[in-house]
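Work through these exercises with the model open. Try each task before you read its solution.

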Amino acid sequence: MSGSWALPLRHERITSWDNPIGKGAEQLAQVCQYLQHRPIALFDSEYGCAPLVKATAAIAADKLMRIRSNRCLWSTPPAYSGKGRPKIHGQQFKLNDSQSWWEPEQTLESVEPKLGKIRLRKWDDLHFRGSPKHPMTLILVERLETVTRRLNSQPLWLVWVGIQMPSLAEIWQLYLRRFTIDEHWYRLAKQTLHWTVPKLSTPEQCERWSDLMPLLTWQLWLAKDVVTEIRLPWQKSLPELTPGRVVQSMLPLLVRIGSPAVAPKRRGNSDGWQTGKPRTPRCRYPVVKKGKGRFQNSSKSIS
């Protein structure tokens, strides 16, 4: 979809015994069952790691992941010499150390209308330390100044894992779509649809409230061609309404459709709590801490 529209297919809460990588791999496997063509899944740097590569190896989907600039990759090991244990890793490739780089398999420079001069470099047959059996393609995207050819911003490191990779001039532009799909929708859910406003008591209430966010997004998308645009005096008219502008224009449509909800009670003083009625305190849940902090020392017993 174009613009800032993103239609979520599945929205789940990560429980205390799950992790984002396992949940993401599970959702990707469920989605691929209903697709006729092999999709390209886009992942942020949190998912650019060996556990995700191994968890999604059997899923019929190509992966394009961003990785942090302090990661290390390894090349294919040399041929077995016949003595000792066969090597698993080859030469080390440090992303933040250009001295460890070797000549890329392909280099491409282009001029984009919005971003300016772009330099692309590609290295094949690299892998994470924890997934040596899954080769990847490393892509470096850099913005250069037109005159001095110096870096205009931080470089973008991408990793491709799949069957048939698109051309180098196209592959990096596919990743730009991830920001529109992910960041814009979560901002809409939190700021406009008030996803994080209610202070609910039970996990079941939180899941039920979270399930409404995708449903509301789909309703807004279905109503974008029906509503009449309502904008504030300082806002410009848009040829294609954004999700926020549709929310702003939904009131006349809701008034016309009506609501099955009971009419609200008239304003007045509440009767208050009934005398003698027992009060039950809210259920308290223990705080769940995942993993171990970087500076947190393990507890030692004192003899």
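A residue counts as buried when its relative accessible area is under 20%, and as exposed when that area is over 50%. The model used here is predicted.

**Exercise 1. Strand β7**

Task: Find how many of the nine residues of strand β7 are buried, and name the strands that bridges join to β7.

Solution: 
- Step 1. Locate β7 at residues 136–144.
- Step 2. Apply the cut-off: buried means under 20% relative accessible area. Eight of the nine residues are buried, so β7 is largely enclosed by the rest of the structure.
- Step 3. Look for one partner at residues 116–127, strand β6. Eight bridges join β6 to β7, and the two run antiparallel. In β7, V141 is the bridge partner of L120.
- Step 4. Turn to strand β8, residues 156–161. Five bridges join β7 to β8, again in an antiparallel arrangement. Here L138 stands opposite V159 of β8.

**Exercise 2. A residue within the strand**

Task: Decide whether E142 is buried or exposed, and find the side chains that its own side chain contacts.

Solution: 
- Step 1. Check its relative accessible area, which is 5%. The cut-off for buried is under 20%, so E142 is buried.
- Step 2. Trace the polar contacts of the E142 side chain. One goes to the side chain of R119, at 2.8 Å. Another goes to the side chain of R121, at 2.9 Å.

**Exercise 3. Helix α1**

Task: Compare the span of helix α1 with the expected value, then find what covers its buried residues.

Solution: 
- Step 1. Count the residues: α1 runs over residues 20–32 and has 13.
- Step 2. Take the span from the first C-alpha to the last. It reaches 18 Å, close to the 18 Å expected at 1.5 Å a residue.
- Step 3. Inspect the start of α1. A side-chain oxygen of N19 comes to within 3.2 Å of the backbone nitrogen of I21.
- Step 4. List the buried residues in α1: I21, K23, G24, A25, Q27, L28 and C32. Their cover includes β1 (40–43) and α2 (50–55).

**Exercise 4. A pocket**

Task: State the space in the second largest pocket, and find which element gives the largest share of its lining.

Solution: 
- Step 1. The second largest pocket holds about 470 Å³ of space.
- Step 2. It is lined by 19 residues, and L115, R143, L156, W172 and L176 are the closest to its centre.
- Step 3. β7 and α3 (168–192) each supply at least two lining residues. The largest share, six residues, comes from α3.

Technical notes
Residues numbered from 1 in each chain as written. Predicted model: local features only at pLDDT ≥ 70, side-chain atom pairs only at ≥ 80, totals over all residues. Heavy atoms only, no water. Buried < 20%, exposed > 50% of the residue type's maximum accessible area, 1.4 Å probe, protein only. Helix = DSSP H or I, 4+ residues; strand = E, 2+ residues; numbered from the N terminus. Pairing = 2+ DSSP bridges. Expected span 1.5 Å × (residues − 1). Contact = heavy atoms within 4.5 Å. Polar contact = N/O pair within 3.5 Å; in protein donor to acceptor, adjacent residues only side chain to side chain. 1 Å grid on protein atoms, 1.4 Å probe; cavity = no way out; pocket = protein on both sides within 12 Å on 5 of 7 lines; lining within 4 Å. Points joined across faces, edges and corners; volume = space filled by probe spheres on them.
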